[in-house]
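Visitor: Could you walk me through this structure, one feature at a time?
Guide: Gladly; let us look at it together.

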Amino acid sequence: GDVAVLVPAAGAGLRLGPGGPKALRLLAGEPLLVHAVRRVAASPSVHLIVVAAPATEVEAVRSLLAPVAPVTVVAGGAERQESVARALAVVPPEVGIVLVHDAARALTPPDVIESVAAAVRGGLPAVIPVLPVVDTIKEVAPDETVLGTVDRSVLRSVQTPQGFRHNVLAEAHAAAADPLTDDAGLVEKAGLPVTCVPGSELAMKITRPLDLILAEALLKLP
Ligand code: C5P
């Protein structure tokens, strides 16, 4: 494998309701992070996995993941972007491709991980898995008055893992000013092309209580 996968897992998960860091919440009896790392480790391209854990949970996360896969665990930061930067800092320079994958997308299939890695290996600087947008999207004013309807055919919902040439991600993070919600956004700001590949409904982000119910149902699919 020529790929390192960074797994930011240091978020509080407040939108999921009370119950501790999101990555450690149980789904079918196992923490989300275990589901996520198991699928990352099943991807043949993956050579190194770096998890950014909540600072108080670094040792606990090491023990939790030891039976799942060989992983490096670092302390995450206050913002997702900082958690990613701390994980990126321990990737050796000879690793050519770096993927960034949210622990919250715990059911992302290995074939999505492989297709993102393959597109970067094929020469693209930055690659993101996406789905079409199904809802009608409105732009609204602060008082909730509709300003207009956005043409959804040109919109995509963005998932993870997002894949990068190692130097592209490192330079984008080094140049980052304001925190963004994804890493490809940093690359866009640097003026480099970001290319979409098909994502998967299984790569949904487990964010709200309903998502846990959906994820339990998805796990039971044949
Ligand atoms: O909050 P959000 O759902 O966008 O978080 C996406 C991912 O980033 C989650 O896996 C979460 O654990 C991680 N994260 C992090 N450090 C933070 C905030 C979020 O690693 N400070």
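Guide: What follows is a short tour of some features of this structure.
Guide: This is a predicted model, in which local features need pLDDT of at least 70, side-chain atom pairs count only at pLDDT 80 or more, and totals for chains, interfaces and linings use all residues. Residues are numbered from 1 along each chain as its sequence is written, and side-chain values use heavy atoms, with hydrogens and water left out.

Visitor: Let us start with the ligand. Which residues are closest to the ligand?
Guide: A residue counts as near a molecule if one of its heavy atoms lies within 4 Å of it. Here 15 residues surround the ligand, and the closest are Pro8, Ala10, Gly11, Gly77 and Ser83.

Visitor: Which N or O atom in a side chain lies 2.7 Å from a nitrogen atom of the ligand?
Guide: A polar contact is a pair of N or O atoms within 3.5 Å; within protein, one must be able to donate a hydrogen and the other to accept it, and residues adjacent in sequence count only if both atoms are side-chain atoms. The atom you ask about belongs to the side chain of Ser83. The backbone takes part as well: a polar backbone atom of Ala78 is 3.0 Å from a nitrogen atom of the ligand, and a backbone N or O atom of Ala10 lies 2.8 Å from an oxygen atom of the ligand. The ligand taken alone exposes 460 Å², and the protein buries 85% of that; these areas come from the Shrake-Rupley method with a 1.4 Å probe, and for residues only the protein chains shown count as cover.

Visitor: Now for charges. How many salt bridges does a search of the whole structure find?
Guide: Side chains of opposite charge can pair when their charged atoms come close. A salt bridge is a side-chain nitrogen of Lys or Arg within 4 Å of a carboxyl oxygen of Asp or Glu. The search finds six salt bridges. One of them joins the side chains of Glu59 and Arg62, at 2.5 Å from N to O.

Visitor: Where do Glu59 and Arg62 lie?
Guide: Helices (H or I, at least four residues) and strands (E, at least two) are DSSP runs, numbered from the N terminus. Glu59 and Arg62 both lie in helix H2 (residues 58-65), three residues apart, about one turn of the helix.

Visitor: Which salt-bridge pair links distant parts of the chain?
Guide: The side chains of Arg80 and Asp183 meet at 2.9 Å, N to O. This pair links Arg80 in helix H3 (residues 80-88) with Asp183 in helix H6 (residues 183-189), 103 residues apart.

Visitor: Is Asp183 buried or exposed?
Guide: Buried means under 20% relative accessible area, exposed over 50%, and partly exposed in between (1.4 Å probe, protein chains only). Asp183 has 1% relative accessibility, so it counts as buried, whereas Arg80 is partly exposed at 24%. Glu59, at 52%, counts as exposed, and Arg62 is partly exposed at 36%.

Visitor: Which residues does Arg105 touch?
Guide: Contact means heavy atoms within 4.5 Å. Not counting residues up to four places away in sequence, Arg105 touches Val158, Gln159, Thr160, Ala203, Met204 and Lys205.

Visitor: Where is Ser200, and what does its side chain reach?
Guide: Ser200 sits in the loop between strand S12 (195-198) and helix H7 (209-219). The side chain of Ser200 reaches the backbone nitrogen of Leu202 at 3.0 Å. Ser200 is buried, with a relative accessible area of 13%. Leaving aside neighbours within four places in sequence, Ser200 is in contact with Pro109, Val112, Leu131 and Gln159.
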